[in-house]
Amino acid sequence: MRIAMFNPSESERAIVKGIAAKQGIEVKLVDDILTPESVVEAKDCDGISILQTVMLDQEEVYRTLHDYGIKSIGLRSVGTNTIDFDLAKKYDLIITHVPVYSPRAIAEMAVTQAMYLVRKIGLFHEHMDKDYDFSYPTALISDEIYNKTIGLIGVGNIGSAVAQIFSALGAKVIAYDVIYNPANEPFLTYADFDTVIKEADVISLHTPLLPSTKNMISTKQFEEMKNTAYLINVARGGLIDTDALIKALQEEQIAGAGLDTLADEATYFGKKVRVQDIPEDYKILRAMPNVIITPHSAYFTETAVKNMVKISLEDTVRIAEGKKPLFAANK
Ligand code: COI
């Protein structure tokens, strides 16, 4: 059994040999992401595994995989927004993902960014670095997290882990989700979307990117947020209207933002880029001391990376062996 693994990171390369040996399979490492050019690397394989934020919307890729007799595309991610599910259906391809590789990895990044902002670390850095001013201006006084209301949009595996951490820190957690899960009750109070937007001191997004959730945070929501609120996005950049976010920050409609993901990140996150290719929105946001940006690295922990590779390969092998996958994402 031979699986083509596209776009393996350095850390995945270091562990995949051991995982493959345990599963009794051969893994062919392909440097590129999956594209119409690189798909040929799957020709001699029984399945493929991918990890990318770039859209996979070229029909040629799906048709070629089908022609090679490949039965599935295995995503080493939770999110499936890069996939064209109509094309997957047309070419009989099962899409698998890894819904639970480590909700804590993502949740801890959301909490870390929130704490960085609430304790005004970026603002203090600017204050010290610009003027060697180590004093305590009133503008930089902060509050403590257990006095805050945390508002979560989406409380599936990751949002629920965020709720558990914040409630353990003593904060009040309110949450909106289209699905009610009684298991979340000890950690949060369910509320409607508008209430979360209006009442939270920290709003954290944990919902998939779908046509219905694209730009769910835009001008109206920024107008409704407290001007002391912080917005955290460790989910998908497309959930936030970036222009509206920049305006809200410039006009002090909100106090700051923590961003592990940006709408246009596929053009530069995960790569070394030339200075002249850095997008304008990144430069504007990065220059703000009340904004913290990380390069879609919430997932990047030893536990998460190991599970992403292991679970994704296991499901790909199951399908190639004619078994039912554990984590199919096709509707
Ligand atoms: C996910 O698992 O959905 C992530 O956001 C990780 C990313 C590397 C695609």
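**Exercise 1.** Find which residues touch the most other members of the largest nonpolar core.

*Solution.* Start with the term: a nonpolar core is a set of buried Ala, Val, Leu, Ile, Met, Phe, Trp, Tyr and Cys residues joined through C-beta atoms within 7 Å. Buried means 20 or more other C-beta atoms within 10 Å of a residue's own, exposed means 12 or fewer, and partly exposed is in between, with C-beta atoms placed from the backbone. The largest core here has 94 residues, and I48, I203, Y230 and I254 touch the most other members. Next, take I48: leaving out residues up to four places away in sequence, its contacts (C-beta atoms within 7 Å) include I3, A4, F6 and L34.

A word on the model: it is predicted, so local features need pLDDT of at least 70 and side-chain atom pairs count only at pLDDT 80 or more, while totals for chains, interfaces and linings use all residues. Residues are numbered from 1 along each chain as its sequence is written.

**Exercise 2.** Work out the strand order of the open sheet, and which strands stand at the edges.

*Solution.* Strands are DSSP runs of E, at least two residues, numbered from the N terminus, and two of them pair if DSSP finds at least two bridges between them. The 5 strands run β2-β1-β3-β4-β5, with parallel pairing. β2 (26-30) and β5 (94-96) each have a single partner strand, so one side of each lacks a neighbour in the sheet. Zoom in on β1 (residues 2-6): this strand pairs with β2 over 5 bridges, and A4 stands opposite K28 in β2.

Definitions and conventions
Two residues are in contact if their C-beta atoms, placed from the backbone, lie within 7 Å. Helices (H or I, at least four residues) and strands (E, at least two) are DSSP runs, numbered from the N terminus.
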